[in-house]
Structures are given as C-alpha cells and as structure tokens.
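Here is a briefing on one protein model. Have the sequence and the coordinates open as you read.

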Amino acid sequence: MIPAIALGLGLAAHMIGASASVATEVIRAGDTVTAANISTETGSMVSSDNPLIGREVRRTVYVGQELSLDDTQPARLVRRNQVVTVKFVSGALEIATTGRAMSEATEGDSVSILNLNSKKIVSGIVQSDGWVLVQ
C-alpha cells in the first residue's frame, strides 16, 4: 500500500511540474501575463485557459524563471488618481459622472472616489469594464 501511495505522490508531483509556466521574456512588476510571454518548462506554448493569463505580476520575473499564481494578482482596473466613470443605478435611472480614484483596485473591490463635480468622497465597486458602481 505504501509504494502505491508513493507512486501516486510521484505522479502528482510530475504532473504539477509538467504544467509549470516559465517566463519567455522579462515581465516587469505591474505587467500583465500573456500567452506570448510565458511557456511551459518544456518550451511549449501555454493554452489560453491558463489561470496566469490576464493576471498582473507582483515582482519582476526574468527569462526562464518559474511563474506561479503566488507571483501574480488580479489585474488592477483602477489606479490611484485615475479619472474614472462613476455610475449610480437605481431601476431605470442611471446617473453617470467622473471621479478620481483614491486608491488602486481590481474588479469587485471597493474603492473611494472623489466626485469631481461635488468634491465629495463616495465609495463604490469596480466593475469589469473599469467603471465604478456607487449605491
């Protein structure tokens, strides 16, 4: 029984190693991972459903270095001081204005926004297109 478990663990480790992604070019901190800048350890292209694609790198990764989910974070859609569209939606009513982001945020994160018209700080949720929903 023990050899079977060891064999299973060895197979699992081999499978994990086979799917490791490495950088094919220098990916700087803050850059987005694409299929063009990573490959498998064997040099094969990665598939478009690789969980790393579309994520943002936390630290600079050099050519040949392994890249894991721990080295990345969801892509920031809103950056500090960026001017963003702010929308208030209630039923059929939609009011849109502009505001300045007070911090960085990814999709689904809460972010404080300075309303450029009223000069008041409002809080909202970042949407997938980069605009902020305020309620």
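The model is predicted. Its structure holds five salt bridges. An open sheet of three strands runs in the order β2-β1-β4. A nonpolar patch on the surface is formed by Val 26, Tyr 62 and Val 63.

**Sheet**

- The three strands of the open sheet pair in the antiparallel sense, in the order β2-β1-β4.
- β2 (38-40) and β4 are the edge strands, since each pairs on one side only.
- β1 covers residues 21-23 and pairs with β4 over two bridges.
- Across that pairing, Val 22 faces Glu 66 in β4.
- In general, the strands of a sheet pair through backbone hydrogen bonds, in a parallel or antiparallel way.

**Buried threonines**

- Thr 72 sits in strand β5 (residues 72-73).
- The relative accessible area of Thr 72 is 0%, so this residue counts as buried.
- The side chain of Thr 72 makes a polar contact of 2.8 Å with the side chain of Arg 55.
- Beyond neighbours within four places in sequence, Thr 72 touches Val 33, Leu 52, Arg 55, Glu 56, Val 57, Arg 58 and Leu 67.
- Thr 40 belongs to strand β2.
- Thr 40 is buried because its relative accessibility is 14%, below the 20% cut-off.
- A polar contact of 3.0 Å links the side chains of Thr 40 and Thr 42.

**Salt bridge Asp 71 to Arg 59**

- Asp 71 and Arg 59 form a salt bridge, with 3.5 Å between the closest N and O atoms.
- Asp 71 is in the loop between β4 and β5, and Arg 59 is in the loop between β3 and β4, so the pair ties together parts twelve residues apart in sequence.
- Arg 59 is partly exposed, with a relative accessible area of 35%.

**Salt bridge Arg 76 to Glu 104**

- The closest N and O atoms of the Arg 76 and Glu 104 salt bridge are 2.5 Å apart.
- Arg 76 lies in strand β6 (residues 76-78) and Glu 104 in the loop between β8 (93-101) and β9 (105-106), so this pair ties together parts 28 residues apart in sequence.
- Arg 76 counts as partly exposed at 23% relative accessibility.
- Glu 104 also counts as partly exposed, at 41% relative accessibility.

**Salt bridge Lys 87 to Glu 94**

- Lys 87 and Glu 94 form a salt bridge, and their closest N and O atoms are 3.8 Å apart.
- Glu 94 is partly exposed at 49% relative accessibility, because exposed means over 50%.

**Surface patch**

- Together, Val 26, Tyr 62 and Val 63 have about 270 Å² of accessible area in their nonpolar surface patch.
- Tyr 62 is in the loop between β3 (56-57) and β4 (66-67).
- Tyr 62 counts as partly exposed, with 46% relative accessibility.

Key. Residues numbered from 1 in each chain as written. Predicted model: local features only at pLDDT ≥ 70, side-chain atom pairs only at ≥ 80, totals over all residues. Heavy atoms only, no water. Patch = residues over 30% accessible without salt bridge, like charges linked within 9 Å, V, L, I, M, F, W, Y side chains within 5 Å. Areas by Shrake-Rupley, 256 points an atom, 1.4 Å probe, with all protein chains shown as cover. Salt bridge = Lys/Arg side-chain N within 4 Å of Asp/Glu carboxyl O. Helix = DSSP H or I, 4+ residues; strand = E, 2+ residues; numbered from the N terminus. Buried < 20%, exposed > 50% of the residue type's maximum accessible area, 1.4 Å probe, protein only. Pairing = 2+ DSSP bridges. Polar contact = N/O pair within 3.5 Å; in protein donor to acceptor, adjacent residues only side chain to side chain. Contact = heavy atoms within 4.5 Å.
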